Amino acid sequence: MGSRVSTTLLTLLAVCWSTAAAPAADPPVDFETQIAPIFENHCVRCHTPGNAKGDLSLATIEDLRENEYLVLGDPDASYLVDLISSVDGQPAEMPKESDPLSLEQVTLIRRWIAEGGAWPEDVIVRQKSKADSSWWSLQPLKTTRHVRSSDPDAPGREIGTDDFIRNKLSENGLTLNPPADRRTLIRRATYDLLGLPPTPEEVQTFVDDPDPQAYEKLVRRLLRSPHYGERWGRHWLDVVRFGESNGFERNVIINELWPFRDYVIRSINQDKPFDLFIREHIAGDVLEKDNPDVAVGSAFLVAGPYDDVGNQDPAQAAQIRANTLDEMISATGQAFLGLTVGCARCHDHKFDPITQRDYYGLYATFAGIRHGAVPLGTSETKAQRTAKLKPLNEKKGELEKSLVELKTKVLQRAQTRLAEYEAAWRRPSVDRTGTEEQFEPVTAKFVRLVCEAQDINPSVATGFRIDEFEIWSDENNPQNVALAAAGAKAFGKARQIEDFPGAYGPQLAIDGKTGARFISTGTDLTVELAQPTRINRVVFSSAKGEEAPQHAKFVFVADYRIEVSGDGEAWREVAHGRDRKPISQEPRTSRDAVMKPIHVDHRLLEMEISTEERAEQTRLHQELAAVKREIAQVPDLPSVWIGTRVASDAEGPFHVFLGGSPQKKGEEVVPASLSVLTDTAPSYQLAGESNEEARRLELAKWLTHPDNPLTARVLANRIWHYHFGTGIVDTPSDFGYMGGRPTHPDLLDFLAIKLQENGWRLNAMHFMIMTSQTYRQSSEFRASAAQLDGDSRLLWRFPPRRLSAEEVRDTMLQVTGKLNTKPGGPGFRLYRFMQDNVCTYVPLDSHGSDTYRRAVYHQNARASIVDLMTEFDQPDCAFSTPRRAETTTPLQALTMLNHSFTFDMADYMAERLEREAPEELSAQIRRAYQLCYARPPTEEEANISSELVSQHSLSALCRVLLNTSEMIYVR
């Protein structure tokens, strides 16, 4: 008994001991805190919905289950575990573009699967962006009131820009340069605000002005100049990628976009509040649709490049459309928010906290916009035009109705004799791939094909095309005597293009080749044989050997006749196609069947109409033509390139495109603001059925809301950038993770708040910045300071800069007295424009006086080269250019020295000097230096210049001065 008890006791003790000694069971694996971070950091970079790089998505559990990568409860049977595990020392297959998972991570995933793979439905695994909502540029604007004043004697005064600059300089052991002299200052300020040099008289007046406020008066005067809007308008046009051709393959010129350029210049000259200016860019046609001066602002949306080739494949067409909207979205994000929103098109932004849903919310906002021009006018001008057109359109309608009735009556009568007519149509209809006519042998020197009806629109006889026209000799071994190789020549009116003469000429019909074809603008094709020849057959085609001859580009003859002549004067018909069956065409509406009839109706009309009816038809056509001429004389409303609004395009539902492909639709989205700013600025989300105008209006309001920190920050930085050459953030259109960091973040917020406090008006900002000591300091170089801050980002000196391409050209025109200051209107061209299916822009070798306007009025086409301007870094307007390049190349010097424009300007400048200082050479030299450099020459310069003129000419001196660095640099 005791033995049994002791045994039982020992067993119980052993059980208790083992239970106490065993470690506590691990808690269940939590997906959200333990597994999701592994997927985020190692997997979803490739394995996201729609990403072609990954075979499946790890965003949710569905893909893992459907593709049998995951067998819940059984890690050994789960393919996912095989992929992430190393075998026999070999590295795991996955992840490919990340560090391999550690043993602990693999073990954790195995446990998660073994425990049933719990994955909460509301958890979607996304790759985290490098920056999150705490990123500096996404924070509310911070008011700085306690920056240490740079003036110890005035601690209570309001802080200004100099305080921020001096404090940062002091932290780095640096100080501002001394103030610049007055000559330097007026030249700097005048170029900064006007983009033009000051006149010698303006310089002298400023230098001699005893008023301590002389400089402040100067800045105010410059801001009142109409040239101010031209200079600062050019800056903004760079930002909004303003270009006057559509780019891409065809690159067609746009002649209706210049009103937007004038609107920008006008708005800046008016000191329009910039928040209103921005709202007009997004929804000007919504804010005041009957005010052209406001509606034109929405041209911003369509001022960029777009592909207009018109791909017939639905999938490709959808992709092109998506690309077009992407361009609008990207331009909007960069111009106003300083964010690369377009990077969230295919996946969540990898660097900034912008989601695909954010991107496609903007996609839904702009979906109803298409490129194109529309008439703009006030309600009054529209009403006046409508009143003028109403009686004319009524008369036009009556005449068209009478024509319809007449032709309908003839056709109805012809139908009663249709069998009789059809009996005469014995032969097959014409064949675009080859139509043959045989006739009795005849000797001819000339043979011609005369079109009586074209096969797409039988009511006209022009526009047909011929790839080969063969004329065969009547002999045992027939020869095609129409070949150019046999000495034949072809004649006929053809479509002409400047850059490729003869591209569609009649010679193509007798070259013995297919592919290229004669495109007629007349009614006939004539072939002159090498010598009179006996012939009996012709063969002609427009789509020989083509796989799709029915395509509209192969338009052919429907009715025709073949004529021959011995002298090219007297002609005789030897064959015709009127006995062929009419070509098969789709029926049209009753009106179209009369105005643009199908071939059979055209035949019946011609055969059935009586003499009296033909006379009546002629009268009606003549009266209709007269009414159309009257209508054409009523001035059109100005047509402006603000885009068309297509309601069907704006209809939802809209979806995220997985991987950016319109063919892979993901979750549904609605128009909405960026989610990352929800806690900073009031957000919005509209219903999917909201109208197109409401979407853009809400976006415009959100962009300019006072609590949106990005818009004011970005604009303030742009202003600083254009005054000092580099912004506080040196990437003006990228305030995200990949952009620059602010050198003076408190100053940037100070400027943004000042901008808002000043009602978003730029003039007050210009005045504040330009009257600061930081702006007014000299540009003197100090080696010791440069060692610490070589680029002068801390602004220990004013950064010198080279003139922009436009300023170089405008300055040359200004100092020679040839600048035409006419504002606005259609632009001039420094290229020869040639158009066919694609467009060609050939730089002009010489620039006539009609081009002597300010360069901002040049009609800048995308991907075009403009002598002098291109060399000096004028950007290609295919893209936004928030910061221009500033290069120094041999080509600049060669162009400036040798271009005909420089020679012309040198001659004009010499004429001006002789006119304004006729007394003596020394006065002319002094005047030349004042015009170019805003200063008189030194004694040495005067002597050298005098010697140059005596050895060569005054024009040679002017040419030298126009080519000097001092003229094209501002310091």
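R580 counts as buried because its relative accessibility is 6%, where buried means under 20% relative accessible area with a 1.4 Å probe and protein chains only. Welcome to a predicted model, in which local features need pLDDT of at least 70, side-chain atom pairs count only at pLDDT 80 or more, and totals for chains, interfaces and linings use all residues. Residues are numbered from 1 along each chain as its sequence is written, and side-chain values use heavy atoms, leaving out hydrogens and water.

**Around R580**
- You will find R580 in the loop between strand 10 (572-576) and helix 18 (590-595); helices (H or I, at least four residues) and strands (E, at least two) are DSSP runs, numbered from the N terminus.
- A polar atom of the R580 side chain lies 2.8 Å from the backbone oxygen of E436.
- Leaving aside neighbours within four places in sequence, R580 is in contact (heavy atoms within 4.5 Å) with residues including W425, E436, Y560 and R603.

**Helix 2**
- In helix 2 (residues 31-42), the buried residues are F31, I35, A36, I38, F39, E40 and H42.
- Helix 4 (79-84) and helix 5 (103-114) are what these buried residues pack against.

**The largest pocket**
- A pocket is an open set of points on a 1 Å grid over the protein atoms alone, where a 1.4 Å probe fits, with protein on both sides within 12 Å along at least five of seven lines.
- The largest pocket has a volume of about 800 Å³, and of its 43 lining residues (an atom within 4 Å of a point), H721, G725, T726, R801 and E886 are the closest to its centre.
- Helix 22 gives the most to this lining, with five residues.

Definitions and conventions: Grid points are joined across faces, edges and corners, and a volume is the space filled by probe spheres set on the points. Buried means under 20% relative accessible area, exposed over 50%, partly exposed in between (1.4 Å probe, protein chains only). A polar contact is a pair of N or O atoms within 3.5 Å; within protein, one must be able to donate a hydrogen and the other to accept it, and residues adjacent in sequence count only if both atoms are side-chain atoms.
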